[in-house]
Every structure is written in C-alpha cells, then in structure tokens.
Amino acid sequence: MKVAFSTLGCRVNQYESEAMTEKFIKEGYEIVDFNGYADVYVINTCSVTNMGDKKSRQFVSKARRENPEAIIAVVGCYSQIASTEVSGIEGVDVVLGTRNKGDIIYYINKAKDEGKQQVKVGAVLKNKIFEDLTIEDYQDKTRAFLKIQDGCNRFCTYCIIPYTRGAICSKNPIKVIEEIKKLAENGFKEVILSGIHIASYGDDFEVEDRTTLVDILEQIEEIDGIERVRIGSIEPNFFTEDVVNRIFKLKKLCPQFHLSLQSGCNATLKRMNRRYTAEEYEAIVDLLKSRIENVSITTDVIVGFPGETDEEFAETYKFLERIKLSKLHVFKYSPRKGTKAESMENQVDGNKKEERSKALIELTKRYENEFAKAHLGKTLEVLFEMASKEEGVHEGYTKNYLKVEVHSDKNIRGQLLQVKIVDVKDDMAIGELV
C-alpha cells in the first residue's frame with residue numbers, strides 16, 4: 001500500500017505530517033510523492049488565508065485525478081473551521097480536524113471497511129488537552145521539528161487560528177525531553193521547538209507543576225547528541241530581562257529568533273489587537289542585540305491592514321529602517337472570513353498593498369545582503385542539510401541561520417563543519433571548508 005502527503009502551512013503542520021507518516025510506515029505503508037499514484041492521499045490543510053483553503057481543494061482534485069479509487073483524507077485547520085464544506089468536496093473519504101490526526105489510520109480503515117465517508121471534527125475552543133503525536137525517526141537526519149504546544153488565546157483581529165486550534169495546551173515536559181532524547185539517539189543534531197503560540201508553553205499547567213519554555217531549553221542543554229535547538233516564531237514580550245539572562249547562559253540555543261511584529265505603527269497594532277507597542281518591540285530587539293552575540297532577528301509584517309493609511313505605513317517603514325532586522329517576511333493583508341478584520345471599514349486597495357509590499361521586499365533584500373556581508377572573513381560552524389542542484393555544492397546553516405554554500409566532493413550532509421565565509425551572493429554566504 002502506498003500513501004502520499006501534501007502539507008500546507010506552518011511548522012506545526014509539518015511536525016504533525018511527520019508524525020502521521022511514521023504511523024503509516026509502522027503499518028507497512030510505502031511513502032510516495034504526492035504527484036504520483038497512491039492508495040491513500042492525506043492533505044494536511046492550512047486555513048490562515050482563503051488561498052490556503054483553495055489550495056487544499058486543488059490538492060483533493062489532483063489526488064482524485066491520480067487515482068480515482070484512492071482514499072482521500074483531508075485533515076487540519078480547513079477541516080476544523082469548515083467541516084461541512086470539506087465533507088462536501090467530491091472524493092473526500094475522511095475528514096479530521098486539528099485534534100484527531102493521531103487516529104488517522106483508524107479512520108482510513110473504517111472508510112475502507114464501511115465504504116462511507118468518515119467525519120470526526122470536534123469543538124476545540126474549550127479543548128485544553130494536548131494531542132500527543134510523537135516522532136522517533138524523521139526522514140531528514142539533520143534537524144527535526146518538535147511540536148510542544150498547541151492553541152492560542154490571543155484572538156488577533158486578522159487571525160482565524162484560535163478558532164481552528166482552540167485554547168492553549170502544552171505537551172507534558174517529561175514527554176518533551178523523552179522525545180528529544182529519542183531524536184538524539186536517531187542521529188539528529190538540531191531540534192526546532194514549535195507551537196501555535198509557543199511563548200505560552202506551560203501556562204495551562206497547575207502553578208505548582210509549571211514548566212516554562214525556558215525550563216525546557218535548560219533541560220535540553222543536558223541531552224547528549226543534540227547540538228542545536230531553535231525556537232519557532234514567538235511573541236516579542238516573551239523576552240523579559242529574566243528570560244534573556246537565563247538564555248544568555250545556554251550554549252545550544254541558536255542565536256536566531258523570529259519575533260512577530262506585523263506593524264511598526266501603534267495605531268495599526270491596536271486595530272490588530274497585538275499585545276505590545278512598537279516601542280516595546282524595539283526595546284526587546286535592543287536587549288537581545290546587546291546581550292547575545294551575532295543574534296539574528298527576523299519578523300513578519302502585514303501591509304495593507306484595514307485602515308492603514310500612507311502615514312501609518314510610512315511609520316512602519318521608518319521603524320523597520322531604524323531597528324534593522326536580519327530579514328522580513330512580508331504579507332499583503334487578505335481578509336479572512338470569520339475574523340473581526342474582515343468587516344472592518346477602510347479596506348485597503350489591492351494596488352496600494354502591492355506597492356507597500358514591494359517597498360518592504362526591497363528593504364529586506366538590502367538587510368539580508370548586509371547581514372550576510374557582516375560575516376565575511378569569519379569562520380563559523382555550519383550544519384549541512386542538502387546538496388545543491390550544482391554538482392559538488394552543499395548548503396547548510398549557521399547557528400544564527402545564515403545560509404552557506406560550499407564546494408566539496410564528499411557527502412557532508414548531516415555534518416557540523418567549520419567554514420570560512422569568503423564571499424556573498426545576495427543573501428547567500430559562500431564558504432570554504434576549514
């Protein structure tokens with residue numbers, strides 16, 4: 001039997017797809033490419049934007065064309081928020097939400113045996129139970145994503161995620177450490193801790209039993225085999241003075257943080273229901289830069305949010321020029337059905353969004369190039385992850401997530417090696433093995 005996966009969206013989805021993949025392998029399935037024949041197709045959906053929903057439907061159609069007799073399972077955020085719509089798509093046999101992915105094979109078999117559609121989508125807004133999915137043997141032997149948190153209680157006005165993922169819940173800290181130890185035993189050098197709102201890890205535990213994200217990071221320091229740990233996208237106000245003082249002592253924590261911003265204008269931030277001001281964000285950036293050597297800070301920015309005037313965008317642009325981050329991920333605001341922002345007044349014209357997006361993309365190109373050039377002449381440790389399309393060329397990342405390319409006749413994938421940076425092409429550093 002053959003199974004194929006298509007995964008849309010965030011790192012949490014990537015982790016959950018890997019966990020489901022492992023379950024299929026243990027049941028004797030062969031994992032094959034989604035662009036070919038399979039007996040089972042699993043589409044792990046994202047619903048952050050309406051475009052994510054559209055792509056999910058397109059993947060269903062593709063799977064149906066590849067094998068009209070296949071079992072097609074649609075799981076994740078789109079199924080959670082629109083289960084009736086998803087179950088009405090021709091060819092869909094299994095519909096699971098965001099909290100039932102661990103039972104996917106049960107429902108696949110049930111659909112086969114009974115010859116009828118299986119739908120299992122429960123209410124999530126009050127669900128505070130973390131669904132344990134584990135991974136012991138990723139297909140990629142260099143770094144692994146580990147989901148340790150789910151749900152979000154923030155309800156930003158543009159975001160549908162709290163309605164698809166529900167209330168915050170955290171993976172048992174003992175299980176977190178056990179899983180990381182298993183990953184180390186299986187040859188992984190780097191682990192990336194991820195979650196929907198990872199800064200809230202542990203907030204749902206009883207006070208006397210509370211384990212925080214920093215506590216987990218400190219415990220990972222003691223695990224042999226794991227050389228690096230990264231944190232996924234995180235709220236800026238996680239980084240208090242106390243937190244920075246503690247992480248400053250950690251040797252394995254990579255000096256690379258993706259701090260959600262969305263706007264550098266306080267009026268826009270307020271409409272978004274973000275829980276910080278531009279001034280507070282800047283203070284946190286300054287704190288991290290002053291305490292952590294070679295730190296890389298990246299962010300997300302939304303342009304064209306409802307009500308964003310030319311003056312407000314100019315304020316964001318000047319703010320970003322001032323704080324000089326390593327990289328910006330720029331998104332044009334897209335109204336999401338079911339969110340408060342969808343019905344806000346003063347929706348921004350599409351041409352205006354495009355204009356603002358281009359301006360920030362040009363800005364980030366400049367900053368990415370400057371960030372790479374700042375490493376010229378330095379010798380850095382690189383974890384090599386893949387071979388380039390060019391013969392003898394290998395690519396990897398430094399601890400602060402600078403992408404590095406080197407030439408080598410040997411297979412160096414999965415190795416941590418010292419590299420001297422000798423040149424820069426756009427945002428790519430060119431190195432020589434030392």
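Predicted model: local features only at pLDDT ≥ 70, side-chain atom pairs only at ≥ 80, totals over all residues.
Strands β15 (residues 393-397) and β16 (residues 403-407) run antiparallel and are joined by five bridges. Within this pairing, Gly396 has Val404 of β16 as its bridge partner. The two strands form a hairpin, with five residues between them. In the turn, Tyr401 has a positive phi of about 65 degrees. Strand β16 also pairs with β18 (residues 428-433), in this case in the parallel sense and over two bridges. Here Glu405 stands opposite Ile430 of β18.

The largest nonpolar core contains 64 residues. Leu193, Leu213, Phe239, Ile247, Phe257 and Leu259 have the most contacts inside this core. Helix α11 (residues 278-291) gives the most to the core, contributing six residues. When neighbours within four places in sequence are left aside, the contacts of Phe257 include Phe239 and Ile247, as well as Ile231, Leu288, Ile292 and Val295. Phe257 is also in contact with Ser296, Ile297 and Thr298.

Helix α13 (residues 350-373) has 24 residues and, at 1.5 Å a residue, should span 34 Å; the C-alpha atoms at its ends are 35 Å apart, which agrees. At the N-terminal end, α13 is capped by Asp349, with a side-chain oxygen 2.9 Å from the backbone nitrogen of Asn351. The buried residues of α13 include Lys353, Arg356, Leu360, Leu363, Tyr367, Glu368 and Phe371. Among the elements that cover the buried residues of α13 are the strands β12 (296-303), β13 (327-332) and β17 (416-425), together with helix α12 (310-323).

Conventions:
Residues numbered from 1 in each chain as written. Heavy atoms only, no water. Pairing = 2+ DSSP bridges. Helix = DSSP H or I, 4+ residues; strand = E, 2+ residues; numbered from the N terminus. Core = buried A, V, L, I, M, F, W, Y, C linked by side-chain atoms within 4.5 Å. Buried < 20%, exposed > 50% of the residue type's maximum accessible area, 1.4 Å probe, protein only. Contact = heavy atoms within 4.5 Å. Expected span 1.5 Å × (residues − 1). Polar contact = N/O pair within 3.5 Å; in protein donor to acceptor, adjacent residues only side chain to side chain.
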